[in-house]
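Biologist: I would like to learn to read a protein model, one feature at a time. Can we start with a helix?

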Amino acid sequence: MRKFNPTFSRFVFVLLILLSGGLKAQELKWSTSGESIYQIKANGITEYSISDQSETVVVPNEWLTPNGEEPLSIRDFSFYEEGQKLLIYTNTKRVWRLDTQGDYWVLDLDSKKLQQIGKGLPESSLRFAKISPDGQKAAYVSEYNLYVEDLESGKITALTTDGNRKLINGTFDWAYEEEFACRDGFQWSPDSKQIAYWQLDANQIRDFYMINNTDSVYSQIIPVEYPKVGESPSPAKIGVVDLSSLKTTWLNIPGDPAQHYLPRMEWNNPDLLFIQQLNRKQNHSKIYAVDVPKNQARVIYEEKDEAWIDVMSTWDNVYALTYRHRFPWVSEGKEFVWLSEKDGWRHVYRIGLDGKEQLVTRGEYDVINLLHVDEVEGWVYFHASPENATQKYLYRTRWDGSGEAEKLTPPVWEGTHDYQISPSGKFALYRGQNHYTRPITDWISLPDHDFLSMGEQMGVSVNKPDDTGMEFFTLTLDDGTEMDGWMVKPTNFDPTKKYPVVFYVYTEPWGANVKDTYGVGRNRLYDGDMAEDGYIYISLDNRGTPAPKGRAWRKSIYRKIGRLNISDQAEAAKQILEWDFVDPDRIAVWGWSGGGSATLNLLFQYPEIYKTGISIAAVANQLTYDNIYQERYMGLPQENLEDFVAGSPMTHAKNLEGNLLYIHGTADDNVHYANADMLVNELIKHGKIFQFMPYPNRSHSISEGEGTNSHLRKMYTDFLKKHCPPGGI
């Protein structure tokens, strides 16, 4: 119920690249040497040398122009076979969140031959095309079936023929994609002779029906296979197809497929495949090493947690279009790198093929992101912030686990510092910012952290302006819990006056709001300037949010969503209401998705504090959400139904006293519109007066359709001003 933050996007990690052509948003495409990157430019694909800051066109547009027409509009690309072949992704279509369906072309850089693959299959139907390691074939998914194509002859061979919306080959269903970032569901073996792929059987998963009432005089039903909390998962299995015989061997993985998940898979060598298995509660993880010729699986690593085990690799961009290694191999394939919280903090481990493990990072701090392993020099680089959970810096420590973590980010100014490190470890793209400094981007060299373009400009302290109106603070609850917060005060703030407060909340395990980044205190839904109009704008991170404060902080919310997060927020708000410049009669709260749920719970459970609430795309009943997310954090409703009920806003709707604006898109495939009907029905039953705005045929983001954004902003702003008037008194 998380997945949308209208104030600051935390789910799509996109770095802005500062090059001669200006700022360009794209993922870095490193050369094999790690000394340069490839970019899509107006004149083709260029190679940018980091050391001398020169740029060369390596694939001109004329090579990318089929039949003398217009050059292909490139959405993504990958080099194969030591740079001799280029795979081009174009003409894309959105599938759920991302445009993971489209057309693919292959350019032979020697012969300049440009050919479309998948000809004869429906237009824009191909997913996750990959060229084999030997450069001879391409594999892809189309309409739930897996295909292989000979690049020389163009012959296409179907590797599966039974795929449909309910039997999914080589890709995933809605829940796997949304909750495990599983989209690309097949992998070439290193010798190009086999392909391993997932198959999900969603035949037992009931469809949720969305209704489209806007595009025809007759309603259209849109079915989505969606496993609700309490329902068994779609059984998943992994097969290995031999390309010479076209025979698939289904791997023998112990355990009931309908009570387990298989979220990760990776080849180690042509005979060895690694697979991660999670039990349904997601608190017991096993990594199997599967001997493919013998079809024998053995557990080489196992971990349990009293709450849950995070699966999404924190070093991975979960919204990347291209494939990322799930088991980063090191030591010539004899070990892989893994992150675990089992000692109370998220740390890096080296795990051998024999299961032996070695702790790499040590100390009472969390590794936020693993960035790079330099085996030659013996270092591992990562993001961390031991002193301030709202910030992020570059650290490194010895690869053998000895020594202390060393901070590499220069102490010129505090804030959030992001790095993308080259495969060679010699360079990184740096992006630094804080709440009063716009993002500054430059190339740096490592490990000296020299700025290659800006030089001395980055070596001076950035002074904080006096007129930002933004400040960070900490509140301590009665039990000693410290909550980080930020606050934007009104322009020309007068401490002798009393001002209204608007709280922005999320509160659930998927997102933290309090980060020292530029624009963090901006409310994009407010039509105007909140500070200029005289509002105090505040956000606080409660226990259970994914702040780098250790496992105990993050896992304390287990089975307590809708209760612990809500009581933390309310106790902190009570302290804020005691501030001399706060008007306790003008207190508002708002949030989206999980934040919408929190808004409802705060308004219903603590009506003496919160007088006005704006809730968007909220889960009103926890039993309506998907099983992977809700069971991960709440357990199984068959065992502790009372926790789901106690944490659901519907349970407390009878307590509404203040002003509520409730907003939901009728085509929301994430948090279903049924939540709105259930909550509205409950409020009606108890005679509660409120304002309700359904957005016809809009999704979870409520972004589709002409005029939608401006209408949403106006409705939000008008309601807030009417029921929580701005200005000091």
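Biologist: Which elements do the buried residues of α10 pack against?

Modeller: Start with contact, which means heavy atoms within 4.5 Å. Here the buried residues of α10 pack against β40, α2 (530–533), β42, β43 (612–616), β44 (659–665) and β45 (691–695). Keep in mind that this is a predicted model: local features need pLDDT of at least 70, side-chain atom pairs count only at pLDDT 80 or more, and totals for chains, interfaces and linings use all residues. Residues are numbered from 1 along each chain as its sequence is written, and side-chain values use heavy atoms, with hydrogens and water left out.

Biologist: Which residues of α10 are buried?

Modeller: Buried means under 20% relative accessible area, exposed means over 50%, and partly exposed is in between (1.4 Å probe, protein chains only). In α10 the buried residues are T708, L712, M715, Y716, T717, F719 and L720.

Biologist: How far does α10 reach from its first C-alpha to its last?

Modeller: The expected span of a helix is 1.5 Å times one less than its number of residues. α10 has 16 residues and reaches 23 Å, close to the 22 Å expected.

Biologist: How many residues of α4 are buried?

Modeller: Ten of its 14, so α4 is mostly covered. Among them are L564, N565, I566 and D568. The buried residues of α4 pack against strands β38 (470–476), β39 (482–488), β40 (499–504), β41 (536–540) and β42 (582–592), and against helix α5 (594–605). α4 covers residues 564–577 and reaches 20 Å, close to the 20 Å expected.

Biologist: Now charges. How many salt bridges does the structure hold?

Modeller: A salt bridge is a side-chain nitrogen of Lys or Arg within 4 Å of a carboxyl oxygen of Asp or Glu. The structure holds 33 of them. Take E471 and K489: their closest N and O atoms are 3.3 Å apart. This pair links distant parts of the chain, with E471 in strand β38 and K489 in the loop between β39 and β40, 18 residues apart. E471 is partly exposed at 29% relative accessible area, whereas K489 is buried at 18%.

Biologist: Which parts do D643 and R563 tie together?

Modeller: Their side chains meet in a salt bridge, at 3.0 Å from N to O. D643 lies in helix α7 (residues 637–647) and R563 in the loop between α3 (551–555) and α4, so the pair ties together parts 80 residues apart in sequence. D643 is buried at 11% relative accessibility, while R563 is partly exposed at 32%.

Biologist: How many residues apart are D718 and K714 in α10?

Modeller: Four, so about one helical turn separates them. They form a salt bridge, with the closest N and O atoms 3.1 Å apart. D718 is partly exposed, at 40% relative accessible area.

Biologist: Which residues are linked in a network of salt bridges?

Modeller: D305, E341, D366, R551, R554 and K555.

Biologist: On to strands. Why is strand β12 largely enclosed by the rest of the structure?

Modeller: Because five of its six residues are buried. Two strands pair if DSSP finds at least two bridges between them. Four bridges join strand β11 (residues 126–131) to β12, and the two run antiparallel. I131 stands opposite A138 in β12. The hairpin of β11 and β12 has five residues between the strands, and G135 there takes a positive phi near 75°.

Biologist: How many bridges join β12 to strand β13?

Modeller: Six, and these strands also run antiparallel. K137 has D150 in β13 as its bridge partner. Two residues separate β12 and β13 in their hairpin, and E143 in the turn has a positive phi of about 50°.

Biologist: What order do the strands β3, β4, β5 and β6 take in their open sheet?

Modeller: The order is β3-β4-β5-β6, with antiparallel pairing. β3 (29–30) and β6 (55–60) stand at the edges with a single partner strand each, so one side of each lacks a neighbour in the sheet. Six bridges join β4 (residues 36–41) to β5 (residues 44–49). Y38 has E47 in β5 as its bridge partner.
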